[in-house]
Amino acid sequence: MSKEILKTINIKKNFQNRNKSITLFKNLNLKINKGDLVALVGPSGSGKSSLLHIIGLLDEPTNGKILINNQDTSSFSNLKKDVIRSRSISIIFQDNNLLSDFTALENVMMPLIIRGEKEKVILKKAKKMLKNVKILNRSDHFPNQLSGGEQQRVAIARALVAETKLILADEPTGNLDYKTSEEIFSLFLKLKKLNKTIIFATHNRELANRADYKLFISDGNIKRVNAQN
Ligand SMILES: Nc1ncnc2c1ncn2[C@@H]1O[C@H](COP(=O)(O)OP(=O)(O)OP(=O)(O)O)[C@@H](O)[C@H]1O
Ligand SMILES: [Mg+2]
């Protein structure tokens with residue numbers, strides 16, 4: 001069995017805005033192994049969120065290929081991409097993306113409902129995950145009744161409840177205090193022990209330095225650097 005979970009081949013990304021074109025990535029090649037805990041770093045606007053969206057099959061590259069578990073996803077239909085995401089990829093968005101008409105608990109249950117798991121199991125798993133991120137006491141709150149950090153923790157719970165092999169997290173600790181950030185990072189370390197792969201974008205230098213390695217994006221290129229540097 002291959003040790004690679006993700007590979008990108010010559011990814012290029014242009015954004016066309018009115019008559020102006022931005023080249024975000026020129027020729028991006030990445031290989032990520034199962035069980036890697038990777039920090040995605042780089043200045044604001046360098047393309048961290050865009051790259052996570054592309055890897056998460058939510059956006060397409062202008063050119064190039066994304067292989068997930070050795071499967072080339074470039075010819076996949078949107079339906080097939082939805083299936084891959086539901087089974088294999090969890091995404092924690094920078095702006096949370098919680099469903100406003102649903103409570104915290106319902107938001108966390110959602111990925112498992114979509115997957116068609118049994119209701120009893122869903123409820124149990126969702127509550128356990130809310131407990132893991134220390135927000136079980138806000139289960140019945142709607143997103144607009146939660147603080148920014150609480151919403152972020154619900155979004156993390158929603159992503160982790162699905163127990164997928166690949167977890168993409170966009171500034172998952174951006175709104176969290178030191179102690180809560182540490183707790184979330186500990187969760188990531190636990191997931192790594194279960195051979196899950198986690199790629200997290202962050203401006204937090206200290207957390208980035210505790211990853212297995214850093215991927216530094218700048219000027220359309222990506223460079224692998226050892227953590228601690
Ligand atoms: N849909 C779009 N159309 C045009 N330009 C876009 C689009 N999405 C992103 N961009 C541009 O691409 C660049 C990268 O954005 P991105 O959100 O990936 O940066 P980032 O590294 O995540 O930054 P931050 O650290 O601030 O979150 C930005 O300059 C942004 O303006
Ligand atoms: Mg971003």
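**Exercise 1. Find which residues line the largest cavity, and work out what kind of lining they make.**

*Step 1: the residues.* The largest cavity is lined by L52, H53, I91, I92, F93, L168, A169 and D170. Here a cavity is a set of points, on a 1 Å grid over the protein atoms alone, where a 1.4 Å probe fits but cannot get out, and lining residues have an atom within 4 Å of a point.

A quick note before going on: this is a predicted model, where local features need pLDDT of at least 70, side-chain atom pairs count only at pLDDT 80 or more, and totals for chains, interfaces and linings use all residues. Residues are numbered from 1 along each chain as its sequence is written, chains are lettered from A and ligands numbered from 1 in the order in which they are written, and side-chain values use heavy atoms, with hydrogens and water left out.

*Step 2: the size.* This cavity has a volume of about 40 Å³, and a search of the whole structure turns up one cavity of 30 Å³ or more. Volume means the space filled by probe spheres set on the grid points, which are joined across faces, edges and corners.

*Step 3: the elements.* α1, β6 (89-92) and β7 (166-170) each put at least two residues into the lining. β7 has the largest share, with three residues. These helices (H or I, at least four residues) and strands (E, at least two) are DSSP runs, numbered from the N terminus.

*Step 4: the classes.* Sort the lining and you get six nonpolar, one polar and one charged residue. Nonpolar covers Ala, Val, Leu, Ile, Met, Phe, Trp, Tyr, Cys and Pro; charged covers Asp, Glu, Lys and Arg; the others, Gly among them, are polar.

**Exercise 2. Describe the largest pocket and the second largest pocket.**

*Step 1: the largest pocket.* It holds about 490 Å³ of space. A pocket is an open set of points with protein on both sides within 12 Å along at least five of seven lines. Its lining has 19 residues, and R85, I89, P111, I114 and R158 are the closest to its centre. Two or more residues come from each of α2 (78-88), β6, α3 (104-115) and α5 (148-160), and α3 gives the most, with five. By class, the lining has ten nonpolar, five polar and four charged residues.

*Step 2: the second largest pocket.* This one has about 340 Å³ of space. Of its 14 lining residues, K128, M129, N132, L160 and E163 lie nearest the centre. The elements giving two or more residues are α4 (119-132) and α6 (178-193); α4 has the largest share, with four. The classes here are seven nonpolar, two polar and five charged.

**Exercise 3. Work out what surrounds ligand 1, and which side chains reach its oxygen atoms.**

*Step 1: the elements and classes.* β1 (4-17), β2 (20-33) and α1 (48-55) each supply at least two shell residues, and α1 gives the most, with three. The shell splits into four nonpolar, nine polar and two charged residues.

*Step 2: the polar contacts (pairs of N or O atoms within 3.5 Å)*. The side chain of K48 has an N or O atom 2.7 Å from an oxygen atom of ligand 1. For S50, the distance from a polar side-chain atom to a ligand oxygen is 2.6 Å. The side chain of H203 has an N or O atom 2.7 Å from an oxygen of the ligand.

*Step 3: the cover.* On its own, ligand 1 exposes 650 Å², and the protein buries 64% of that (areas by the Shrake-Rupley method with a 1.4 Å probe).

Terms used
Near = heavy atom within 4 Å. Polar contact = N/O pair within 3.5 Å; in protein donor to acceptor, adjacent residues only side chain to side chain.
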